[in-house]
Amino acid sequence: MAPALHAEPAGPVDVAVVAFEGNRFNGEIAPALRDLQKAGTVRVLDLTFVRKDSDGSVTVVELGDEELGDAFERVADTPADLLSDEDLRTVAEGLPYDSSAAVVVWENTWAARLADAIGKSAGRLVLLERIPREDVERAVAALDGN
């Protein structure tokens, strides 16, 4: 059963593709996602894994599959099926052979209050851009004179 998704107030929704060398999911990201969800920072809406073998064949592993069940069962209590087959094909096409990726859809619940306030004040968000971590690290290093 899909979770009830509410339009208001809701935080922005992101899709993240996290690529891994090799075809095994070791579960290391599960505790971090669980902690973020427990703290109310994000709400995981969908989580799927894509694996591309050395021969180019692609396998999609859903959250409910036995292979991932133990490590990720508490990350998305009632995941919605938001990722389409086409979305996952596009991710798979971009993967190198013998690699895998986690595809995560989450709501930024931390931003719901701000989004609600912007709407109630007749405001509108006109630009939101994520700065890559490497750029931030370079800028901080430059400020430190390193």
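Predicted model: local features only at pLDDT ≥ 70, side-chain atom pairs only at ≥ 80, totals over all residues.

Visitor: Which residues make up the largest nonpolar core?

Guide: Eleven residues: A16, F25, L33, V42, V44, L47, F49, V61, A102, V104 and W106.

Visitor: Which elements give two or more residues to this core?

Guide: Strand 2, residues 43-52, and strand 4, residues 99-107.

Visitor: What's the general background on nonpolar side chains?

Guide: In soluble globular proteins they tend to be buried together.

Visitor: L88 came up just now. Which residues of helix 3 are buried?

Guide: L88, V91 and A92, in a helix that runs over residues 85-94. Those three sit on the same side of helix 3, because the arc they cover around the axis is only 100°.

Visitor: How does that go with helix geometry in general?

Guide: An α-helix has 3.6 residues a turn, so residues three or four places apart point the same way.

Visitor: And the other side of helix 3, which residues are exposed there?

Guide: E86, E93 and G94.

Visitor: What do the buried residues of helix 3 pack against?

Guide: Strand 1 (13-21), strand 2, strand 3 (58-62) and strand 4.

Visitor: Zooming out. How many helices and strands in the chain?

Guide: Five helices and four strands. Along the sequence the pattern reads β-α-β-β-α-α-β-α-α.

Visitor: What share of the residues counts as buried?

Guide: The protein chain has 146 residues, and 32% of them count as buried.

Visitor: How about contacts between residues at least 6 apart in sequence? What share joins residues at least 24 apart?

Guide: 81% of those contacts in the protein chain.

Visitor: And what does the accessible surface come to?

Guide: About 10,000 Å² for the protein chain. Carbon and sulfur atoms account for 53% of that surface.

Visitor: Which element gives the largest share of the lining?

Guide: Helix 4, with three residues. That helix spans 112-120, and both helix 4 and strand 1 supply at least two lining residues.

How values were computed:
Residues numbered from 1 in each chain as written. Heavy atoms only, no water. Core = buried A, V, L, I, M, F, W, Y, C linked by side-chain atoms within 4.5 Å. Buried < 20%, exposed > 50% of the residue type's maximum accessible area, 1.4 Å probe, protein only. Arc of directions from axis to C-beta. Contact = heavy atoms within 4.5 Å. Areas by Shrake-Rupley, 256 points an atom, 1.4 Å probe, with all protein chains shown as cover.
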